[in-house]
Structure formats: C-alpha cells, structure tokens
Amino acid sequence: MNQRVVITGTGAVTPLGVGAETLIDRWCAGEVGIADGVGACREFDPLDFLSRKECRRADRFTQLAVVSADEAAAAAGWKHELPYAPERIGCIIGTGIGGIASLEAQGGVLRNKGAKSVSPLAVPLMMSNAAAAAVAMRFGLRGETYGVVSACAAGAHAIGAATRLIQSGQVDAVVTGGSESAMTGIAMAAFASMGATSPSGVSRPFDARRDGFVMGEGAGILVLENAAGAAERGAREAGEILGYGATCDAHHLTAPDPAGTQSARAIRMALADAGIKPEDLDYVNAHGTSTPLNDRSETDALKLALGDSAARVPVSSTKSVTGHLMGAAGAVEAVATVAALRRGIAPPTVGWEQPEEGLDLDYVPDRNRNLTLPEPTGDGRRYAISNSFGFGGHNAVLCLAAT
C-alpha cells in the first residue's frame with residue numbers, strides 16, 4: 001500500500017500579492033492581478049526578503065521560489081529545525097524556462113562588451129534547476145533534488161514526482177512546487193509571434209471572446225510529508241496529494257490534441273490513483289489558459305473523463321486573475337485548490353461572460369461569485385483535481401483532498 005502524502009505547508013508569490021492566503025483571499029474577492037497585459041508580481045520586492053548578495057546570485061524565478069519556500073516551511077513548522085534527517089528530505093521544483101532573464105542580459109553583455117565580460121554567475125543564474133538547488137541549500141536538504149522542465153505542466157509534474165518519491169519510501173518529505181519569471185523581451189515576442197498570447201491583454205478562460213493567454217510570473221511551493229511522520233510530530237495537515245496522473249498527447253509541439261483524449265486519460269489516472277470516482281469530485285481547478293484551443297480541448301477532456309459528472313462539478317480557472325504563470329502554474333493552482341477546498345468554496349472564473357457553443361460546463365462565472373461547495377460526506381473531506389497541460393503535449397493532473 002502506498003504511503004499517504006500530506007501537505008503540511010504552502011507558500012506563494014503571485015500577481016495577486018505575496019503569500020498563499022493573499023492568493024486565495026484576493027481571488028475569492030474577484031480581484032485581478034493583471035495590469036497592462038501582464039501578470040507581474042508587482043508587490044514582490046526580493047530585497048524585502050533576501051540580502052543584496054542573495055538577490056545578486058539568484059535569477060528572479062529563483063528568488064520567487066526561495067521566498068515561497070520560506071513561507072511554506074514556516075507554515076509546516078520547519079522554521080527552526082528540520083523534522084527529519086537532511087538526507088531524508090528532497091527538493092523538486094519545476095519551471096518552464098528557468099532564468100531566461102539572466103540569459104538575455106548576459107547575451108547583451110556578450111554582444112556589447114565581449115566574452116570576457118560575461119558574468120561567472122551566468123550559468124548558475126539561468127540554469128533551470130537553480131531554484132531547486134537554492135531552496136535545498138537554504139534549508140540544508142540533502143535528499144533527491146532536481147528541477148523539472150515540462151513547460152506549463154512543470155509545477156504539477158514536480159508535485160507528482162515528489163509524491164511518488166515519498167510513496168517509494170526513499171525520503172520522508174519533499175519541498176516541491178514551481179516557479180517562473182519569463183516576461184522578457186524574447187519570450188514575450190516569441191509567444192506573441194506564435195499567436196499564443198492575448199492581443200487584448202485580457203485573460204478570459206472559457207469565454208467566447210478569449211484570444212490567448214496573458215503571461216504572468218510567480219511561484220508556488222508545498223511541503224509534502226509522509227503522513228505517518230507528519231502525525232508523529234504533530235504537524236497540521238493542510239491537505240493531501242491523493243492521486244496523480246500524467247500522459248503525453250504525442251500530437252503537436254504546441255497545440256493540444258483537439259479531442260482531449262490523453263488529457264482525459266491523465267484525469268482518469270489521477271482519480272484511479274486517488275481511489276475516487278467522478279461523482280465524488282467537488283471541484284475542478286482547470287488549466288483554463290484563455291486560449292481558443294486549450295479551453296475547448298480541456299472541456300472535451302473533462303466530459304470524456306468525468307461523464308455525467310462533468311455537468312455538475314464546478315470548474316474555474318486561477319489564470320483568470322493571475323494570468324498564465326507557466327512552469328509555476330500547476331503549483332500555484334495546487335496551493336489555491338487546497339485552500340479552496342478548506343474554505344468549502346469554488347472561486348470564480350473572473351471575466352467569464354459570453355458562452356461558446358460546446359463550452360457548457362459550470363465555469364463559476366462572474367467577478368464575485370464564490371460557489372459554496374456541498375458539505376463533506378463519507379470521510380469528511382472534499383475532493384478536487386487540478387489540471388496542468390503544457391507545450392509538448394505534457395498532461396499532469398493532481399487529485400487533492402482537504403477538510
């Protein structure tokens with residue numbers, strides 16, 4: 001029997017502000033963190049949390065991860081000492097692009113001043129595993145540690161891999177999640193050139209007017225522990241990673257399989273891994289990018305996977321208020337999903353107003369409409385899935401539970 005994996009701490013920095021509670025509070029209030037067409041973390045100044053030396057030695061995506069990890073570790077009660085041997089704690093953090101801002105900056109140095117002027121910090125700043133390495137060093141974690149790079153599924157993939165690592169018995173705990181800060185000249189121009197981002201600068205998941213995703217930045221970090229170990233030390237359980245499913249479309253480098261066949265299979269795998277049925281689900285945190293292809297494909301995938309239950313369960317998108325945080329999205333949305341389950345609400349898909357034929361699920365529309373979830377039955381917990389689908393046809397689905 002697999003070991004239960006529980007969430008004992010969460011942390012987040014998002015366009016809605018600094019902190020996991022800020023994320024859910026402001027989303028539920030219908031606030032939108034998108035301005036001037038991007039979801040920047042405008043309230044995040046790394047110098048409020050890190051020394052100048054630490055800031056100089058870390059790309060912004062790493063800074064976001066470290067500060068989110070500090071919050072998650074404090075929430076888990078890890079502030080003063082680790083609850084397990086350092087060798088029994090891993091660190092797995094996903095990102096889509098890593099330190100592209102540092103890469104672009106050093107590219108400019110190379111062109112303008114020559115090779116000898118390129119910073120010796122360039123590689124550790126831009127490497128995609130830098131966030132995982134920095135968080136591991138900050139807490140002295142010596143278990144399995146690495147970065148996950150799978151575009152917009154990276155955060156969810158990282159949490160899934162962390163779950164499996166704990167279930168295998170190789171470690172007792174993992175600090176995991178995702179981080180991204182890629183609103184750079186090249187990245188924004190490239191996404192716009194391929195028609196992926198919104199010309200209007202508005203994120204409207206599942207709305208007939210949606211015209212692409214809005215780029216955002218942020219990080220979400222979770223502390224996962226073996227349930228027995230967490231109980232033994234008296235840790236508070238914020239939630240549980242109940243199931244995980246991952247598949248690949250093998251269809252197109254950037255477009256999802258229009259039929260949603262493999263994303264539906266990932267959803268079914270996550271539910272089967274969790275040991276629950278579609279009718280047990282209380283909420284779906286959708287990938288919901290605001291792109292024409294994704295939102296239709298995801299709707300079809302939910303119908304395929306959930307059957308008649310798809311019409312009943314509320315489905316909403318965090319990206320309606322944060323924009324698309326890419327490699328951080330799956331982790332930030334897992335943090336938000338657990339918080340929503342604990343509060344017994346389905347936060348709204350802000351901005352949804354105009355339906356489109358075939359996109360006919362309950363997307364929890366309207367700015368300030370929070371859908372009250374039914375009282376828990378059975379084991380007293382509520383259940384949700386959080387979908388993440390990335391370029392490359394990567395599909396990762398987490399099934400989460402909380403009281």
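Predicted model: local features only at pLDDT ≥ 70, side-chain atom pairs only at ≥ 80, totals over all residues.
Tutor: Buried means under 20% relative accessible area.

Student: Is Thr 289 buried or exposed, and where does Thr 289 lie?

Tutor: Thr 289 has a relative accessible area of 4%, which is under the cut-off, so it is buried. Its place is the loop between strand S8 (283–285) and H11.

Student: Which residues is Thr 289 in contact with, leaving aside its neighbours within four places in sequence?

Tutor: Ser 203, Gly 212, Phe 213, Asn 294, Asp 295, Lys 319 and His 324.

Student: How should I read a pair of packed helices?

Tutor: Two packed helices are described by the angle between their axes and the distance between the axes. For helix H10 (residues 261–274) and helix H11 (residues 292–306), the axes come within 8 Å and cross at roughly 45°. That angle makes H10 oblique to H11. Their crossing is right-handed.

Student: Which residues make the contact of H10 and H11?

Tutor: From H10, they include Ile 267, Arg 268 and Leu 271; from H11, they include Ala 301, Leu 302 and Leu 306. The residues of this contact divide into eight nonpolar, two polar and one charged.

Student: And what of the nonpolar cores?

Tutor: In soluble globular proteins, nonpolar side chains tend to be buried together. Here the largest nonpolar core has 50 residues, and Ile 7, Ile 159, Leu 224, Tyr 283 and Leu 400 touch the most other members. Among the elements that give two or more residues to this core are strand S1 (5–14), helix H7 (154–167) and helix H13 (329–343). H13 gives the most, with ten residues. A second, separate core of 32 residues includes Phe 61, Leu 64, Cys 91 and Leu 141.

Note on methods. Residues numbered from 1 in each chain as written. Heavy atoms only, no water. Core = buried A, V, L, I, M, F, W, Y, C linked by side-chain atoms within 4.5 Å. Buried < 20%, exposed > 50% of the residue type's maximum accessible area, 1.4 Å probe, protein only. Helix = DSSP H or I, 4+ residues; strand = E, 2+ residues; numbered from the N terminus. Axes fitted to C-alpha atoms, helices over the stretch in contact; angles between N-to-C directions. Parallel < 35°, antiparallel > 145°, perpendicular 65-115°, else oblique. Left-handed = near helix turned anticlockwise from the far one by under 90°. Contact = heavy atoms within 4.5 Å. Nonpolar A, V, L, I, M, F, W, Y, C, P; charged D, E, K, R; others polar.
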